[in-house]
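Work through the exercises below with the sequence and the model side by side. Try each task before reading its solution.

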Amino acid sequence: MIRVKMIYFAQAREAAGTKSEEFSLDEKSSVETALSKAFETHPKLRPFEKSIKVALNEEITQDDAKLQEGDRVALLPPVVGG
Amino acid sequence: MKSRISRKPIDPAKALESVMDEDAGGIVLFVGTIRNQTKGKEVKGLEYEVYRPMAELQIARLEEEIRKRWPVKSIRLIHREGRLKVGEVSVVVAVSAMHREEAFEAARYAIDRIKESFPIWKREKFKGGRYAWVKGTPIQSYPASDRAISDSQTNSRETVRPRTRSLVEA
């Protein structure tokens with residue numbers, strides 16, 4: 001098993017009801033595995049599924065990226081700075 | 001004064017001063033502030049949420065990219081985090097260059113990039129204390145693929161990322 005840190009922002013943070021949490025996942029899990037678990041754990045996140053982008057260790061990533069122990073997976077709703 | 005995400009009020013005059021240089025004949029200072037209305041509705045304030053380590057990494061990269069594209073002297077990029085009142089400064093971009101063209105272009109580029117590719121969210125506070133998220137756009141990966149991409153991005157999972165450029169420890 002590996003442990004990864006899930007981090008939620010803005011609308012995703014509100015929907016998840018938490019800023020961050022730890023998931024234990026099988027080795028060779030991908031970003032997609034972590035996302036599925038997040039949506040399963042927090043059904044309120046589901047409406048954001050299409051609009052959310054994911055950052056793996058602070059870099060925008062694809063769903064098929066493989067996870068390693070200690071990785072940070074952040075769910076990023078559409079952004080607007082300035 | 002360094003480029004950064006700031007939890008404290010930003011003084012644009014200080015940012016301006018920090019990019020002044022005897023070699024620089026042109027300085028552009030962009031200051032974003034909190035407006036008192038949105039689509040005719042009164043706004044009482046704004047709250048910014050920032051994925052700080054990622055945003056600070058991107059600030060450093062944006063500075064680096066601007067330096068490659070324009071012959072600028074100095075750049076300061078500062079964005080607020082947290083709760084702001086109407087009239088407060090939310091973002092400052094200061095660029096000095098030998099000539100005005102590159103200063104204007106670089107500053108314009110910087111503020112556009114900050115709006116579309118930085119992990120920042122904001123919600124407006126209305127009368128009675130009600131908050132509503134401002135509609136955003138899906139975050140653009142940065143640096144985007146049409147620009148020069150270093151090895152660290154093309155092989156993201158296997159490469160040690162250039163942590164030293166992060167301003168997290170600063």
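**Exercise 1: Layout of chain A**

Along its sequence, chain A runs through the pattern β-α-β-α-β-β-β. This is a predicted model, in which local features need pLDDT of at least 70 and side-chain atom pairs pLDDT 80 or more, while totals for chains, interfaces and linings use all residues. Residues are numbered from 1 along each chain as its sequence is written, with chains lettered from A and ligands numbered from 1 in the order in which they are written.

Task: state how many helices and strands chain A has.

Solution. Helices (H or I, at least four residues) and strands (E, at least two) are DSSP runs, numbered from the N terminus. Chain A has 2 helices and 5 strands.

**Exercise 2: Overall size**

Task: compare the radius of gyration of chain A with that of a compact globule.

Solution. Step one: the radius is taken over C-alpha atoms, and the globule rule is 2.2 Å times the number of residues to the power 0.38. Step two: for 82 residues the rule gives a value near 12 Å. Step three: chain A has 12 Å, so the two agree. The C-alpha atoms fill a box of roughly 35 × 25 × 20 Å along the principal axes.

**Exercise 3: One residue**

Task: decide whether A:F39 is buried, partly exposed or exposed.

Solution. Step one: locate A:F39 in helix 2 (residues 31-41) of chain A. Step two: recall that a residue is buried if 20 or more other C-beta atoms, placed from the backbone, lie within 10 Å of its own, exposed if 12 or fewer, and partly exposed in between. Step three: A:F39 has 18 such atoms within 10 Å, so A:F39 is partly exposed. In chain A, 41% of the 82 residues are buried.

Task: list what A:F39 touches, leaving out residues up to four places away in sequence.

Solution. Two residues are in contact if their C-beta atoms lie within 7 Å. On that basis A:F39 touches A:L45, A:R46 and A:E49. With the same exclusion, A:A12 touches A:L45, A:F48, A:I52, A:L75 and A:P77.

**Exercise 4: A helix in chain B**

Task: check the length of helix 2 (residues 52-69) of chain B.

Solution. Step one: the expected span is 1.5 Å times one less than the number of residues. Step two: for 18 residues this should be 26 Å. Step three: the end C-alpha atoms are 25 Å apart, which agrees. Buried residues of this helix include B:M54, B:L57 and B:I66.
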